[in-house]
Structures are given as C-alpha cells and as structure tokens.
Amino acid sequence: MSRQLINHSLDKCHGGGKLRVAIIGAGYSGLCSLHHFAGDKMFEVVLFEQSSRIGGVWNYPEGCDATVVQNPTSPFYTRMYKNLKTNLPTDLMTLEGFPFPTGTKSYCDVKTITRYLEDYAQHFQLGSHIKLEHRIINVVPILSDKEAQRTGAIGPRWTVTYENMGAHSRSSEVFDSVIVCAGKYHALHIPEINGLERYTGSVLHSSEYRNPERFRNKTVLIIGGGASAKEIAIDLALTAHKVIIAKRKSESIFRSQLPNVFETAIPNVYNEREVILNDGSSFHIDAIILCTGYRYDFPFLSAECLVEASRGRVSPLYRHLVHCVYPSMAFPLLLTLVPITPFLDCQVKYFKALLDGKTKLPSTEDMLLCTANDYQQRLQQSGGNPRQVAHGFPQEKGWAYVTELGQDGGFHPYDPVIQEMTKVAFESIFSGNLTYKDDLFQCIDSFTFKHVKAASISDL
C-alpha cells in the first residue's frame, strides 16, 4: 500500500468555496443523491463504489449462477436471482426526471433495472463523479475545537479513507457531508434454529439462490414467511418436486394455489436428511433455504460516528434520514413499506435543502427526543417487534412524511396519482393473487392511471 494521504485543501469550504459531499454506494440511493447534488454548483460531489459497475444490489453479473460469493468486491457478487421481478410497477420505481422506456413491462426483471440505472447515470452525465472499484475503509468525524467553531455548518466534516482497488493504494480526503447509500442487503441475518445443526444436506441463505434448475425434482424446505420466501417458492414450484414453507405466522401465503407447495410451522426436529413437522409427519429434504433476511451493517463507519445498526434499525436518525448528533451525515432509503417514488427523491432533496441552508433542523436534544418517541410509539403499536416497524411507513403515515419533507425543504413532494397507484399496487402484493406481476400499470397524468389485471390484458 502507498503512504496514506490526507487532503486538507478544502478548509475553505465554509468560506465561500464548494461544499464537498461523499456518497457511498452506486445503487438507486447513491445515483439519485449524486444527480441532485452534482447539478448544483454549490457542491463538489464524489461517489465511491467498491464494485466495477453501478447498479448496487440490482446487478446480476455474468457467471454469478456458477460462482456464489459473499465478498461484495467480487465480480460475481449479487443478491438477486435469475427470474426475479420487481414487486412494484416501474412507475413507482422511477427516479425524478427520468422515466422508464416506453413499452417496459410494469413488473420488470433485474437486467431492466440495471440498464435503467446505467441510462440514468449517462443521461445526467454522472460518470465523471463516480469512482468505481473504490472501497470505503473508514469514515471518522472531525471533532476538534477548531471544527466546532466553524460557522454555517450543520455538522462536522468527515475524514473518508478509501482504497483504490485497481491501484492498490489508500487515500484519505476531507468532506463536509457523507451520504451513506451502502444498502441493506449485504449482512446476512441467520438466526439460531434449534436442531438445524443435525441436518447434513445443503443449507443456503436466500442470497445464494440463483435459479430453480439446481432443485429440479427435489424437495426443498424454505424457512421464513416474508417476500423472499414467497417469491422463491413460486420460482421453485415449476421444477421442484415439493416445496415446504416453514414460518412463524399461521395465515396462509398461497391458499393452496400451488399443488406442490405446502405451508407449515417452523419444525423443531431435524435429522440428517429429514425434517419432522409439528404434526408428526416427516419429509426427506434435499435442501433448506433460509429466507431470513438481512441486518443493517456499516463496517466502514468508525465508533466515533455514533451510529448503531441492527437487524431492523439504524439510529439515531431524525426523520429516519439525518444523523441526530452529526447531521452532516444522512442515510436515505432505509424506509420500508414504501415505493422508491417519491420517497427517495424527497429524502435527498430535503437533505440537500439542509446543507444549502434553505431549511433548518431542531436542536440536537429535540431531534433525539423526537426520534426516541417515534420509536417507542412504533414499538407499542407493533407489540414490541422492532424489525418490522423501526423504519416502516404504512400508507397514510408515509404520505404525511414526504409531505412534511416537501413543506420544510421547499419542494413539491409528489403527484396525487403516485399515492393512488401505490395503494392499488400494495393491495396487489397482499391480495394472494400469484399472477399480479403480469398486471399492467400505466400513469396517464398527475391524477389518473390505468390498471389492467393479467386476465384482461389479452383483451386489450
């Protein structure tokens, strides 16, 4: 490694020069953030991406079927599987100012999303701001007395240390703000499952699932009852002999719509190649897929950053976005139960309004109190399950949230059609209809949209 270099050349940032912004990650959040900041001459922005391409979690690189890896810097790294389709229509995944191409299917595949993000970056000429194959090693706030006396800043500056993987060198630079867009699908959550250690067959996490051919004519046990369990079970149903979904909740996902897919409680007894269900029945199991999700993890953030990350929550974040203690750091799109449109663009525009002084924050004490009260209220309403509620926004609360961001940030948050389309799209997800991804959604104008169910599309 070469000698570490510290760039202190931007001490003038708050004396009339540009504000330097570091963005970590080149997926949806990172590219959206880069677009909004790069277009403003007040900012000098750099996006760091550790892989060799943009797209983040949506990448499905050539060869990843045969080579399953957990190292995010590997050219074969992915969290996708071959037949995955979006669970929301493209109008709800569109970034501001750049629609999907005419004729794109409402629910599209991984490659379509990757191509969309590449086209987005090219359209807005973002490439010159992106450093590919640059891995963030450490982020540390600058907390000296001199820093504390700076005027006009909403928080500390940051020393960002990174590795240029191609040149095998390390450097450090100082930035006025850091936007963490590293995603939430990297660190696996693998719970302790009583007795599973006795099973000697294949056990994999859903992140390692690629295509159903590997499981042709086999019996597969899926542990988990969320979206990935449902989607992978549907994908497997065409090739597998039998798919058994073991989950905590008793309500049915499939309602007997797939003849070779069965639902049960999580078993307590595992043998070498056999699982005994709670009703006493036993099955030979060829493979177990753990659809148990992920946990938030930002290993590059130093302890001085004062960020706590767990399976379901990142804290302390005011409005689920801005660091309460060091508000020059932000974490866009941690939200759940929301569409990308318009929540991501609204969060980024609000944070930008904070940095350029168009809006102000409450005191640190008030932000911490607001954040703590919000979390406690969510816990009470959920019966104490923080994973599902910490950053979740059911419909009405979500729209109130982005409306507040728009009011404080001085921008129009969304058109009414987006709210109405989101309502119908989420109803489709939870309807139990297994063919909803064949539906057609089309935005007509700011107030109206078209929704044609799959059974009727052939009549158009």
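**Close-up 1. Lys247 and Glu263 meet in a salt bridge between two strands.** The side chains of Lys247 and Glu263 pair with an N to O distance of 3.5 Å, where a salt bridge is defined as a side-chain nitrogen of Lys or Arg within 4 Å of a carboxyl oxygen of Asp or Glu. Lys247 belongs to strand S12 (residues 242–247) and Glu263 to strand S13 (residues 261–265), so the contact ties together parts that are 16 residues apart in sequence. Strands (E, at least two residues) and helices (H or I, at least four residues) are DSSP runs, numbered from the N terminus. Lys247 is buried, with a relative accessible area of 7%, whereas Glu263 is partly exposed, with a relative accessible area of 27%; buried means under 20% relative accessible area, exposed over 50%, and partly exposed in between, as computed with a 1.4 Å probe on protein chains only.

The structure is a predicted model, in which local features need pLDDT of at least 70 and side-chain atom pairs count only at pLDDT 80 or more, while totals for chains, interfaces and linings use all residues. Residues are numbered from 1 along each chain as its sequence is written, and side-chain values use heavy atoms, with hydrogens and water left out.

**Close-up 2. Arg20 and Glu173 form a salt bridge between distant parts of the chain.** In this pair the closest N and O atoms are 2.8 Å apart.

**Close-up 3. Lys18 and Asp176 as a pair of positions.** The C-alpha atoms of Lys18 and Asp176 are 9.4 Å apart in space, although the two residues are 158 residues apart in sequence. Lys18 is found in the loop between strand S1 (6–7) and S2, and at 42% relative accessibility Lys18 counts as partly exposed.

**Close-up 4. Asp408 and Arg319 join a helix to a loop by a salt bridge.** The side chains of Asp408 and Arg319 meet at 2.7 Å, N to O. Asp408 lies in helix H8 (residues 395–409), and Arg319 lies in the loop between strand S21 (317–318) and strand S22 (322–323), so this pair ties together parts that are 89 residues apart in sequence. Asp408 is partly exposed at 34% relative accessibility, while Arg319, at 16%, counts as buried.

**Close-up 5. Four residues are linked in a network of salt bridges.** The members of this network are Asp40, Lys352, Asp356 and Lys358. A search of the whole structure finds 14 salt bridges.

**Close-up 6. Positive phi values at Glu133 and Leu337.** Glu133, although not a glycine, has a positive phi of about 55°; it is located in the loop between strand S4 (130–132) and strand S5 (134–141), and Glu133 is partly exposed, with a relative accessible area of 37%. Leu337, also a residue other than glycine, has a positive phi near 65° and is found in the loop between strand S23 (329–330) and H5, where Leu337 is partly exposed with a relative accessible area of 44%.
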